[in-house]
Amino acid sequence: MVASGSDLRAGDVEEDASQLMFPKEFGTAEKLLNSEVHMLLEHRKQQNESAEDEQELSKVFMKTLSYTACFSCFKKRETIASVRSFLEGRFEDEALQQILDDIQTKCNFQY
């Protein structure tokens, strides 16, 4: 939800995901794997389909569901939990950022 200019308090930043401007809570929230997001969206879709007054899901919802389906590697909760515990604490933020920067540089050279 984007706050209007009059709703902003001093020091607040307007939220705009398209500009990668997120609320401060976003930085401290637990991160999810694509597989976890896919499971949540599938559950929501199933709830909607089984409801008496089924509502049409938005295009953004359907695109996100499709995206997560493409990149969802894990289907079972147990597997996701093992991957999460394996990755947890493996990299410091700075080291991970360096790896991501290196990958981005290599991707740029491909094109």
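Mentor: Buried means under 20% relative accessible area, exposed means over 50%, and partly exposed covers what lies in between (1.4 Å probe, protein chains only). This is a predicted model, in which local features need pLDDT of at least 70 and side-chain atom pairs count only at pLDDT 80 or more, whereas totals for chains, interfaces and linings use all residues. Residues are numbered from 1 along each chain as its sequence is written, and side-chain values use heavy atoms, with hydrogens and water left out.

Trainee: Is F74 buried, exposed or partly exposed?

Mentor: F74 sits in the loop between helix 3 and helix 4 (77-87). Its relative accessibility is 26%. Because that value falls between the two cut-offs, F74 counts as partly exposed.

Trainee: How many helices and strands are there in the protein?

Mentor: Both are DSSP runs numbered from the N terminus, helices being H or I over at least four residues and strands being E over at least two. From the N terminus on, the elements run α-α-α-α-α. The totals are therefore, by this definition, 5 helices and 0 strands.

Trainee: How do the residues of the contact of helix 2 with helix 3 divide?

Mentor: Contact (heavy atoms within 4.5 Å) is made by N34, V37, H38, L41, E42, R44 and K45 of helix 2 and by F61, T64, L65, Y67, T68, A69 and F71 of helix 3. Ala, Val, Leu, Ile, Met, Phe, Trp, Tyr, Cys and Pro count as nonpolar, Asp, Glu, Lys and Arg as charged, and the others, Gly among them, as polar. On that basis the residues of this contact divide into 7 nonpolar, 4 polar and 3 charged.

Trainee: Where does V37 lie, and what is its relative accessible area?

Mentor: V37 is placed in helix 2, and it touches L32 and T68 when residues up to four places away in sequence are not counted. V37 and T64 are 27 residues apart in sequence and 9.0 Å apart in space, C-alpha to C-alpha. V37 is partly exposed, with a relative accessible area of 25%.

Trainee: Which residues of helix 2 and helix 4 make their contact?

Mentor: The axes of helix 2 and helix 4 come within 10 Å and cross at roughly 150°. The contact is made by S35, E36 and M39 of helix 2 and, from helix 4, by R77, I80 and R84.

Trainee: Is S35 buried or exposed?

Mentor: S35 belongs to helix 2, and it touches S72, C73, F74 and I80, not counting residues up to four places away in sequence. Because its relative accessible area is 2%, S35 is buried.

Trainee: How many disulfides does the count come to?

Mentor: A disulfide is taken here as a pair of cysteine sulfur atoms within 2.5 Å. C70 is exposed at 59% relative accessible area, and C73 is exposed at 61%. By the distance rule, the count of disulfides comes to 0.

Note on methods
Axes fitted to C-alpha atoms, helices over the stretch in contact; angles between N-to-C directions.
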